[in-house]
Amino acid sequence: MLTLSLILLPVVAATLLLLIKSPAVKTLALGAALVELALAAYAFATFKADAQMQFEFDYPWIASAGIRFSGGIDGISVLLVLLTGLLTPLIVLSAFGRDYDRPSTFYSLILYMQAALMGVFTARDAFLFYLFFEAALIPVYFLAAMWGGEKRIAVTFKFFIYTIFGSLFMLVALVYLYYQTGVPGKPGVHSSAIVDFYNLNLTPAAQGWVFWAFFVAFAIKMPVFPFHTWQPDTYVESPTPATMLLSGIMLKMGVYGLIRFLLPIVPVGLDTWGTLATTLSVIGIVYGSIIAIRQRDMKRLIAYSSFAHVGLMAAGVFSQTANGLQGALIQMLAHGINVVGLFFVAEIIFGRTNSRFLDQLGGITRTTPKLTVYFMILLLGSVALPLTNGFVGEFLLLNGVFAYNNWLGAVAGLTIILGAVYMLRMFQKSMFGPTSARTETFDDLSGAESWVLLPLAVMVFWIGIYPNSFLKVTEPAVMNLLQYVVK
Amino acid sequence: MQTDLLCSLIPLFPLIGFAINGLGFRKVPTSLVGAISSAAALASFAVTLMLFSGFSGQPIKATLFDWISVGSLHINFSFQIDQLSLLMLLIVTGVGSLIHIYSIGYMKHDEGFGKFMAFLNLFLFFMLLLVTGSNYVIMFIGWEGVGLCSYLLIGFWNKNVNYNNAARKAFVMNRIGDLGFLLGIFLLITTFGSVEYTDIFEQATRFAVGDKMILAITLLLFVGAMGKSAQIPLYTWLPDAMAGPTPVSALIHAATMVTAGIYMIVRSNVLYTLSPVTLEIIGFIAIATAILAASIGLLQNDIKKVLAYSTVSQLGYMFLGLSVAAYTSGMFHVITHAFFKALLFLGAGSVIHAMSDEQDIRKMGGLRKHLPVTFITFLLGTIAIAGIPPFAGFFSKDEILAHVFLHNKALWALGLVGSAMTSFYMFRLLFLTFFGEFRGTQEQHHHLHESPATMTLPLIVLAVLSVIGGLLNLPGGGWLTHFMEPLFAGSAQVNPEAFGHEIDHGTEYMLMGISTAVAIGSAIAAYVVYISRNAVPAPESAERSGIAKLVYNKYFVDELYEVAIVRPIRALGDLLYNAGEFIIDGIVNAVAWLVRAASAQLRLLQSGSIGFYVFAMVFSIAVIVIVRFFVRF
């Protein structure tokens, strides 16, 4: 029931919000998101650290075809449920600083989005997963297309088509897998439960193409090099709350999919093509970082840094090691926190100066001790300084990739150098140095802004200082998953 | 009291100090800020003394909690107190406390005073983690943490773009080293399945000398050391780091942080002893760094820059000692260097303070009358670093050179050349600053004053230590040698040949005589040039030719890096962003266009003619049947 409530509560709340036409709509949206957070936190706190599915629900859906409406939370999904629960209220609160037209539509779309994301992370049926995977695209598409920047129509159209196109490959793979399931002696009986896909005896050739079908779908979503060209434009053109949803949570659907589907279903395919997939991911790390160094638009810079970071997560999954997988799971949580925080800082700066261009900023720290400290904390998390959240993830991920292939690990490691270059550059050009005309009078954080950043900062240190409160929760499920890996 | 608790208290005090001054910035009264942060440093010093006095010779291990654990890999948050960490603790908390006290006088009037003291405390916290951690990952926390504090403090006056650039350069260059360190840790995990010192060193004794894996590990760890301890090619950040306030230069960029690389190698001595090739490489880099930096120091005119290059050079000497497996001598020089270089930097700070922020020695002169305490202490520091007996630097440097002499005469000769340069640039600095006539402005002259007691007291303490520090390890097996001996049991077991070369007394006295003669000779040469002939270095604008131009411009190494690394990366970034993204996106759009074009053609088939549909259906069925007939699937 708990899992089902996690999906239904935002749907109900969002639908009710659509009916309300008062300015209180944002407060109500925040309230709903906070209740959802309480549920997600409860799920995390009472989650038993074993490899089992918990808080399950299971109803017939298309009963004749063996397709069920079923979901639950296991060690792979629990951190993502927590992440979605935690970030949504912060994203809602972060939007308070700006007046969006048609607020009830705006905030209800965010909540619909949350419901779809919860669905993706908890679905136990492959077609249900697919349904939510596609459904998640719709609210964020409208958020971007209705409240985005000047080039929003062309950019969001491309984003929409590109990702739909990718998921079609996955659909083909899912249908194929579905027809491979069956009960001996009962022809025509199939199952679409994801776990039933895990024990199929696929031929190496089938493993190969199913691997690529999944890979393309998830690689576009994350994105992995060279499927990323929709991403920077979309992140820049979208209104910041939508950018936060996309980068903070939605891209994790791709990493999650890799772990949930690729690793256990097509281990032979992964064994065959893993080096190529890892190489693409590692190229993305360096490619994205080097481009980030030269960006002047803060949002675009953070977009490229996110692209680089996600490449490392993908590489960690492809390494098929405990370190790589545990690193990917904890890094999804960490990256969600850092990137949402950084986009919020960019939004705050844009809100006050009407510019996101580094050459037009500078000296902001003079009047903003609070903003400086929070910005610095998020930056340190992002550059993976030890005792912050980014370090735990990157340490495990790099260790995993290094164990998989020393050279790829060493090249992936360049992220710690290049990350420092572009992040410190962004910090220096915006916060330090002489003030510009735009930053002359810059107010420090308001109360609401502080309340967005404070929980993020707490999480940066919590994950960094005591990561075992998360690693221990996911470990049994990861170890279980590793049984499928080709030795 | 429980030793576990004591161990954790050492880094905890500065962390608390940081929290109070950091969170209470602009709320805690200025008078309290200095007291709180200094008290935090002194409290750690006191605990260190307690541990030191109660130390039985057996390492103490205190585990706080399991920090990161995945599968069979457990990384504990734990401390290890042994001979090496105690020595480092004494330096860090002892010299650290003095510099905290000094900073009260030096920084009191700065508007960011609270922030400054908070950062100093934070630095101590990370530095203490670095030297007390019981495994490589805890060392890495400290390692990166001190790098962060270094960044924050170099760019402390953050309105100045040049200072910010210097800070960023330091952080990024250190990160290059850190990547090496990190990869070294990964290899340690692969090889030993652990990151704990005790596990690794115990297992390492079963490896053969020259093992390939150990070679790779030691080289990667040394890359980390090159970054943090400013060795070629990663040294150029340290001179730029002088942008930070002078107490920072003394604490971080002279006495403590930059010696972390030496600490790391001494800590890992078993691994390094197992890999003679690595040691040879270190020796080569060390002597090159020592001489290159010393030669640049000869022509610098900024009082802090001279000392910075001197630091780079002295770090080279420490590594030189390590490279011949003279680990104790390397540590001995770390200790004496902490005394005299902290003293010299603080003395320089006192001069800069008196000179209203002037750092150019061409505009100083004759300061000994106005700053008597600073002058005398600076003089003692200069004698100590120059290697004139019986001051501290003489003993430690001589010990290194004696070991090098046994190992390789050419290296020793080069070491002696560097020694001559050291003595020359230091006395040049001393003479130009404190002797002759005052060359600054009338206004500066008017303001000249000796610094307050909070500043001169640390100078006096450090001066005394610089004079008598040599007593720690007198030739022929002093206290330090015996104290540190247990640390090298593993090394002596795996490669006995690398140790135990006794130097006979005749040779030893001869070497001492030569070093002393060289040092005094250089000092006299400096006297002749800058006192007798009253020479003052040429102004910035003067034409320099040939070698002088090369050296004055620091061999154009920064410019070389700019052209060979920085600009290509920037250009690559622009290229990828403009061309790479365009091409990839172009392919994506081309695919989309193809799909659209193809579907436009296919659409024509949907003509609405029933006859055509029936024909298509029959044709398709026929094709399928025929194909099925030939191909069974």
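Visitor: How many helices and strands does the secondary structure of chain B come to?

Guide: Chain B comes to 26 helices and 2 strands. Helices (H or I, at least four residues) and strands (E, at least two) are DSSP runs, numbered from the N terminus. Residues are numbered from 1 along each chain as its sequence is written, while chains are lettered from A and ligands numbered from 1 in the order in which they are written. This is a predicted model, where local features need pLDDT of at least 70, side-chain atom pairs count only at pLDDT 80 or more, and totals for chains, interfaces and linings use all residues.

Visitor: What does chain B average in pLDDT?

Guide: First the idea: pLDDT is the predictor's confidence in each residue, from 0 to 100. Chain B averages 91, and 99% of its residues score at least 70. Within chain B, confidence is lowest in helix α26 (residues 610–630), with a mean of 80, and highest in helix α11 (residues 260–267), at 96. For the complex, the predictor gives an ipTM of 0.93 and a pTM of 0.93.

Visitor: Is B:His100 buried or exposed?

Guide: We count neighbours: a residue is buried if 20 or more other C-beta atoms lie within 10 Å of its own, exposed if 12 or fewer, and partly exposed in between, with C-beta atoms placed from the backbone. B:His100 has 29 C-beta neighbours inside 10 Å, so B:His100 counts as buried. You will find B:His100 in helix α3 of chain B. Now try B:His447, in helix α19 (residues 442–447) of chain B: B:His447 is partly exposed because 14 other C-beta atoms lie within 10 Å. Over chain B, buried residues make up 54% of the 633 residues.

Visitor: Which residues does B:His100 touch, not counting residues up to four places away in sequence?

Guide: Two residues are in contact if their C-beta atoms, placed from the backbone, lie within 7 Å. With that rule, B:His100 touches B:Ser37, B:Ser38, B:Ala41 and B:Leu120, not counting residues up to four places away in sequence. In chain B, 81% of the contacts with a separation of 6 or more are between residues 24 or more positions apart.

Visitor: How many residues of chain A are in contact with chain B?

Guide: There are 37 residues of chain A in contact with 39 residues of chain B. On the side of chain A that touches chain B, the elements giving two or more residues include α13 (267–293), α15 (322–353) and α17 of chain A. To sort residues by class, Ala, Val, Leu, Ile, Met, Phe, Trp, Tyr, Cys and Pro count as nonpolar, Asp, Glu, Lys and Arg as charged, and the others, Gly among them, as polar. That side of chain A divides into 25 nonpolar, 11 polar and 1 charged.

Visitor: Which domains does the domain assignment of chain B give?

Guide: Domain bounds come from an automatic or database domain assignment. For chain B, the assignment gives domain 1 (1–134), domain 2 (135–552) and domain 3 (559–630). The centres of domain 1 and domain 2 of chain B, taken over C-alpha atoms, are separated by 23 Å. Their contact takes 36 residues from domain 1 of chain B and 50 residues from domain 2 of chain B. On the domain 1 side, α3(B) gives the most, with 17 residues. By class, that side of domain 1 has 25 nonpolar, 11 polar and no charged residues.

Visitor: How many residues has the largest nonpolar core?

Guide: In soluble globular proteins, nonpolar side chains tend to be buried together. A nonpolar core is a set of buried Ala, Val, Leu, Ile, Met, Phe, Trp, Tyr and Cys residues joined through C-beta atoms within 7 Å. Here the largest has 403 residues, and those with the most contacts inside it are A:Leu111, A:Phe214, A:Val255 and B:Ala342. Domain 1 (1–134) and domain 2 (135–552) of chain B both give residues to this core, so it lies between them. B:Ala342 touches residues including B:Val95, B:Ile99 and B:Leu462.

Visitor: Where is the cis peptide bond that joins B:Pro389?

Guide: That bond joins B:Pro389 and B:Pro390, with omega about 0°. B:Pro390 sits in the loop between α16 (372–386) and α17 (392–407) of chain B.
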